[in-house]
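The following exercises are to be worked with the sequence and the three-dimensional structure at hand. Each task is followed by a solution in steps.

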Amino acid sequence: MGLVIGLLNVRRSILIQATSERVWEEFESFERIGAWLGRGHTLHVFEPRRGGEVDMSVEIDGERRHYGGPVLIYEREREVSFESNWEPPHAWPVPTLWTIRLTPLYDATLVELFHHGFERLGAAAADNLQGYEDGWDVKHLKALRSIVER
Amino acid sequence: MAGEIAASFASASRPGISRHLRVLKECGVVRAEREGKAQIYSLSPAPLNQIRDGWLASFGSMQVDSLKALRKRVEARKRRS
């Protein structure tokens with residue numbers, strides 16, 4: 001059974017026209033994962049196994065800040081979950097969580113990406129997470145899909 | 001101190017405020033320093049600033065772009081040797 005997705009989460013998803021076996025191939029090494037995960041950020045380390053390490057970074061206010069944590073779940077063709085916290089001194093008292101889930105759907109695979117566990121960060125997180133959600137316009141995604149799948 | 005903080009809230013009780021402060025301390029939003037018998041609370045703005053300053057927005061587009069890149073890689077070559 002995979003990680004439970006908590007109440008305060010961000011969910012993004014995409015439908016890929018291939019089997020989950022094929023999609024999973026892109027999760028099997030640091031080189032393959034690095035080719036797609038973290039666009040706009042930088043993936044430094046991804047050890048594709050339970051207990052492996054994930055290290056990513058992003059530039060905020062002119063400063064490069066690292067985040068990541070241990071891989072909690074690495075289940076073939078089903079799920080990758082890892083903890084995500086900022087490196088000190090910016091670390092939260094508890095990490096948030098990332099879960100990437102693969103679900104077969106007809107001949108395709110639904111890939112869902114959840115960033116979750118925000119409820120652990122207190123009331124301020126609940127408020128700001130809504131801003132995160134509102135900022136994303138779904139029309140953007142639909143327009144792109146119609147171009148790509150033409 | 002908790003008593004002074006509670007005094008500013010018309011309807012809050014001192015124990016209620018203390019419980020609330022304990023949660024905020026656990027979340028890293030508030031710091032507490034002991035001065036004699038009292039605990040002096042102060043705000044730690046860093047966690048709230050991170051949320052406020054828009055880093056979450058950069059995560060949103062990064063996540064969608066990542067999924068799109070995954071799809072492109074997979075659908076470009078349906079079979080790998």
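**Exercise 1.** Is Ser66(B) buried or exposed?

*Solution.* The model is a predicted one, in which local features need pLDDT of at least 70 and side-chain atom pairs count only at pLDDT 80 or more, while totals for chains, interfaces and linings use all residues. Residues are numbered from 1 along each chain as its sequence is written, and chains are lettered from A and ligands numbered from 1 in the order in which they are written.

Step 1. Apply the cut-offs: a residue is buried if 20 or more other C-beta atoms, placed from the backbone, lie within 10 Å of its own, exposed if 12 or fewer, and partly exposed in between.
Step 2. Ser66(B) has 23 other C-beta atoms within 10 Å, so this residue is buried.
Step 3. Locate the residue: Ser66(B) belongs to helix α4 of chain B. Helices (H or I, at least four residues) and strands (E, at least two) are DSSP runs, numbered from the N terminus.
Step 4. List the contacts, meaning C-beta atoms, placed from the backbone, within 7 Å. Beyond its neighbours within four places in sequence, Ser66(B) touches Trp36(A), Leu37(A), Gly38(A) and Arg39(A).

**Exercise 2.** State the confidence with which each chain is predicted.

*Solution.* 
Step 1. Chain A has a mean pLDDT of 85, with 82% of its residues at 70 or more. Over residues 135-144 of chain A the pLDDT is below 50, and this stretch has five contacts in the model beyond near neighbours in sequence. Where pLDDT is low, the predicted coordinates should not be read in detail.
Step 2. Chain B averages 73, and 60% of the residues score at least 70.
Step 3. For the model, ipTM is 0.77 and pTM is 0.68.

**Exercise 3.** Which order do the seven strands of the open sheet have in chain A?

*Solution.* 
Step 1. Chain A contains four helices and seven strands, arranged along the sequence as β-α-α-β-β-β-β-β-β-α-α.
Step 2. The sheet order is β1-β7-β6-β5-β4-β3-β2, with antiparallel pairing; two strands pair if DSSP finds at least two bridges between them.
Step 3. Strands β1 (9-16) and β2 (42-46) of chain A stand at the edges with a single partner strand each, so one side of each lacks a neighbour in the sheet.
Step 4. On average, neighbouring strands are turned by 20 degrees against each other, direction ignored. Such angles use axes that are lines fitted to C-alpha atoms, for helices over the stretch in contact, and run from 0 to 180 degrees between N-to-C directions.

**Exercise 4.** Follow the pairing of strands through the sheet, giving a residue pair for each step.

*Solution.* 
Step 1. Four bridges link β2(A) and β3(A), which run antiparallel, and Phe46(A) has Val54(A) as its bridge partner in β3(A). The two strands form a hairpin with six residues between them, where Gly51(A) in the turn has a positive phi of about 90 degrees.
Step 2. Strands β4 (residues 63-75) and β5 (residues 79-86) of chain A run antiparallel and share six bridges; Tyr74(A) faces Val80(A) in β5(A).
Step 3. Six bridges also pair β5(A) with β6(A) in the antiparallel sense, and Val80(A) has Ile100(A) as its bridge partner in β6(A).
Step 4. Nine bridges pair β6(A) and β7(A), again antiparallel, with Phe114(A) in β7(A) as the bridge partner of Thr99(A). Two residues separate these strands in a hairpin, and Tyr106(A) in the turn has a positive phi of about 55 degrees.

**Exercise 5.** Which residues have the most contacts inside the largest nonpolar core?

*Solution.* 
Step 1. A nonpolar core is a set of buried Ala, Val, Leu, Ile, Met, Phe, Trp, Tyr and Cys residues joined through C-beta atoms within 7 Å.
Step 2. The largest such core has 30 residues, and Val23(A) and Val111(A) have the most contacts inside it. Two or more residues come from each of β3 (53-60), β4, β5, β6 (96-105) and β7 (108-116) of chain A and from α4 of chain B.

Conventions. pLDDT = per-residue confidence, 0-100. Contact = placed C-beta atoms within 7 Å.
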